[in-house]
Structures are given as C-alpha cells and as structure tokens.
Amino acid sequence: MAIRRVEVDNTIRKRCGELGLAEPTATAFIPTNLEQAPSVGDLVYEASTKTLRKLLRQASFAESPVEPAGASVSYLHEKAADWVAPTLFFVGSFLQQNPTILSIYVNILSNYIYDLFKGGVRVGKVKARLLIEDTPEKKLQLVEYEGDYRGIKELAKVVKELKK
Amino acid sequence: MIGPDVVDFSQDFDARIKNAMRFCYFTRAIELQTKQIGKVEKLLTEVEILKNREIDAANEDAANYLLSLECVAKATLAELQMYIFLKTDQMGKAWDSLVDAQSEAQAAVKAHPKASPMDGVLKRLSLLERAFFPKPMFCSPSFTVRTSKCSICGEKYGDCGHIKGRPYMGKFCAEIIEKVDKLREVSMVDNPANRHARVIAYGEGKSKFDVLTLRRIPSDQDLNVQA
C-alpha cells in the first residue's frame with residue numbers, strides 16, 4: 001500500500017477556460033487527459049466515473065461535471081483487475097465551507113470498494129487520486145492511493161492530516 | 001422479505017448442494033459426476049422458477065436471496081463440469097469451468113447479505129487452479145467507450161440509479177457497452193478483469209502449441225492435407 005502526497009501546479013481552472021468548460025465550484029471529477037485534450041469531445045474519464053457519480057448523487061454529494069450537459073465524452077475501460085477511481089478535485093472555498101467533505105468522499109469510496117471486492121480471491125489493486133485546493137492561487141495537494149482495497153480507509157487519516 | 005416457503009426451499013437446497021459437493025473430487029467416478037450435473041441442473045431450474053415467482057411478486061429481498069442460491073448452484077455445476085473436462089482431456093474447457101465456478105462463488109456472496117459464506121469453496125478452487133493448471137498469461141484490452149446502457153432499466157448507464165455489480169430484483173446490474181470509440185492497446189497481464197481471456201497458444205518456428213497441453217496445434221495446412 002502506498003499513499004503519496006505532493007504539490008502540483010493548479011492548472012485546472014486555466015485548462016477549463018481554454019476548453020470552454022465550466023469552472024468547478026464544489027467538487028469535480030477531472031478527465032484523465034484534461035491537460036492534453038484539444039477539445040471537449042476528446043475528453044476521457046476513467047470508466048468508474050459514471051458509477052461514482054451515481055453514488056455521490058445518492059449521497060447528495062455536490063459534484064458537477066466540467067463539460068456542458070449532454071456533451072459527448074469517452075470513458076476509459078481497462079480490463080485489468082485493478083480498479084481506478086477518477087481524480088476528484090476539491091475547490092478550496094467549498095472545502096472551507098464544508099470541512100467534512102473529504103472524509104465523506106473517502107467513506108463513500110471505501111464502502112463501495114469493499115462491496116465491489118467482497119468475496120474476491122484474486123482482486124486487483126485500487127488506485128485513487130484527490131486534488132485538494134487551498135486557494136486558487138496556490139499549488140494543489142495531490143493525494144494518491146495505490147494498494148489493496150482494505151487499505152483505502154487509510155486515506156481518511158491522510159485527509160485528516162491535511163486539514164490540520 | 002424471505003417467506004417461509006423460501007426458507008424451507010433453502011434448507012432443501014443446502015442439503016442437495018452438500019450432496020453434490022461430495023462428488024467435487026477428482027477421484028469420483030465420472031459417470032456419478034455426470035449424474036450429479038443432471039441433479040444440480042434440475043435444482044437450478046427449481047431455483048429459477050421460485051426466483052421468477054418472487055420477481056413477479058416484486059419481493060426483491062427474496063429474489064436476491066434466490067439469486068445467491070442460483071450462483072451457488074452454478075458454481076457447483078461448473079466445478080463438476082471442470083472434473084469431467086479434465087478427465088476427458090478438454091483442458092481449455094476445464095479452465096473455463098474453473099473460472100466460471102470462481103466467478104459464481106464470488107457473485108453468490110454479493111447477491112444477498114444472508115448468502116452462504118463461500119470462503120471455503122473459493123479457497124479450494126484457488127488450490128485446484130494451482131494444482132491442475134500452469135500459471136496462465138492473459139490479454140487485457142484497453143479501450144474508450146462513448147455510450148453504454150444499464151442492464152436493469154435499459155437507460156444510459158450514467159443516467160439511472162443502478163450500480164453495476166449490485167443485485168436488483170434477482171439480477172446483477174451490468175454496464176452494457178454500446179459504442180466503443182477506440183481500441184487503445186492490448187496488454188499481457190497476470191491479473192486481468194476477465195480470466196477467460198487467456199493466451200491459448202505459443203509459437204515455435206512455424207508450429208503453434210497449446211499452452212495447457214503443450215500439444216502441437218494442427219495448422220490449416222495440416223488440416224487441408226488430412227482432408
């Protein structure tokens with residue numbers, strides 16, 4: 001199991017502007033190729049995005065797609081046993097108003113993954129990424145998890161550390 | 001809610017599966033294993049009839065419980081078939097049956113909270129895999145999908161509330177891919193999502209060999225000569 005925490009440039013708002021996408025206001029899943037996509041139609045999300053969006057909707061969790069409603073985007077299906085969560089971007093101002101939102105997301109994610117891998121013998125790795133903004137001017141905190149599905153709850157501890 | 005008739009049926013089911021499991025050993029006589037397959041198929045039909053009755057009555061709890069029994073029966077059936085294929089020198093089919101048995105046993109646990117624990121079955125299947133088969137290599141395609149639909153309601157998968165892999169009224173939800181955008185790559189992996197997608201042959205010179213039996217696979221040219 002590995003949890004990595006690094007600072008990365010905050011280019012999300014700039015790229016959203018260049019592609020004519022909505023600027024995230026709460027949380028937003030980030031397409032895998034946001035940095036390189038030439039247009040909205042070229043955006044590719046992880047295959048798990050649709051399922052996670054449903055789970056978030058059911059939990060009344062505020063996540064809104066950056067692409068316009070009805071825009072046609074693609075989903076990347078990789079048929080290895082690994083399960084990859086889409087990167088979730090947390091907007092700084094939204095986080096300040098909703099300090100528990102990170103923990104809520106980690107809970108939703110870990111409950112789903114436990115359910116998914118239940119009974120599995122040869123289960124793959126789980127990969128998850130969170131992009132956490134302090135202020136739009138500052139760099140982003142990228143928190144990456146890679147490992148066994150049972151370890152995903154450890155993300156909650158890292159998230160708590162971040163809030164200190 | 002699981003009614004008393006389903007509870008009674010499940011007790012009878014457990015006894016019949018337990019009996020069938022007595023034949024899940026390589027040493028058991030092939031004709032007796034074949035007979036058991038017939039018995040488990042009959043049991044499976046009974047489960048399906050009862051499940052459909054619960055679906056008609058919109059009793060989701062019972063329908064999902066019966067789905068878990070259905071998976072247990074299918075796992076047992078696949079394991080029995082695996083022994084028959086091993087004994088009749090059909091190694092590719094034996095592998096497929098093993099994978100089916102493992103998948104159904106895992107699905108049984110997901111179908112209902114009251115499902116029988118399958119840890120013992122899964123552990124045994126895992127040991128059999130290592131004892132009977134060489135370690136396979138698998139092919140894993142990566143592709144992008146533009147549209148997909150929900151197997152439960154038929155709506156666009158992203159629009160409905162059904163979650164893939166979860167049971168709904170006696171059926172598992174699946175995402176049905178409708179339009180593939182691009183095939184990006186095919187990788188060789190040792191832990192794929194689909195364990196049926198294995199490498200079946202390797203080449204040496206102009207010949208191809210089956211990875212399970214190491215037998216030479218007749219080429220089209222060989223087959224033409226025979227004809």
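**How chain B meets chain A, and how chain B is divided**

In this predicted model, 26 residues of chain B are in contact with 23 residues of chain A, two residues being in contact if their C-beta atoms, placed from the backbone, lie within 7 Å. On the side of chain B that touches chain A, at least two residues each come from α4 (91-111), α5 (119-132), β1 (138-150) and β4 (175-189) of chain B, where helices (H or I, at least four residues) and strands (E, at least two) are DSSP runs numbered from the N terminus. β1(B) gives the largest share of this side, 7 residues. By class, the side holds 11 nonpolar, 11 polar and 4 charged residues; Ala, Val, Leu, Ile, Met, Phe, Trp, Tyr, Cys and Pro count as nonpolar, Asp, Glu, Lys and Arg as charged, and the others, Gly among them, as polar.

β1(B) also pairs with strand β4 (residues 74-78) of chain A, in the antiparallel sense and over 4 bridges, pairing requiring that DSSP finds at least two bridges between the strands. Within this pairing, Leu76(A) has Thr144(B) of β1(B) as its bridge partner.

Chain B itself is assigned domain 1 (4-132) and domain 2 (141-188), with bounds from an automatic or database domain assignment. The centres of these two domains of chain B, taken over C-alpha atoms, are separated by 26 Å, and 12 residues of domain 1 are in contact with 5 residues of domain 2. On the domain 1 side, α2 (30-56), α3 (60-87) and α4 of chain B give two or more residues each, with the largest share, 5 residues, coming from α3(B). That side of domain 1 has 6 nonpolar, 2 polar and 4 charged residues.

Residues are numbered from 1 along each chain as its sequence is written, while chains are lettered from A and ligands numbered from 1 in the order in which they are written. As the model is predicted, local features need pLDDT of at least 70 and side-chain atom pairs count only at pLDDT 80 or more, whereas totals for chains, interfaces and linings use all residues.
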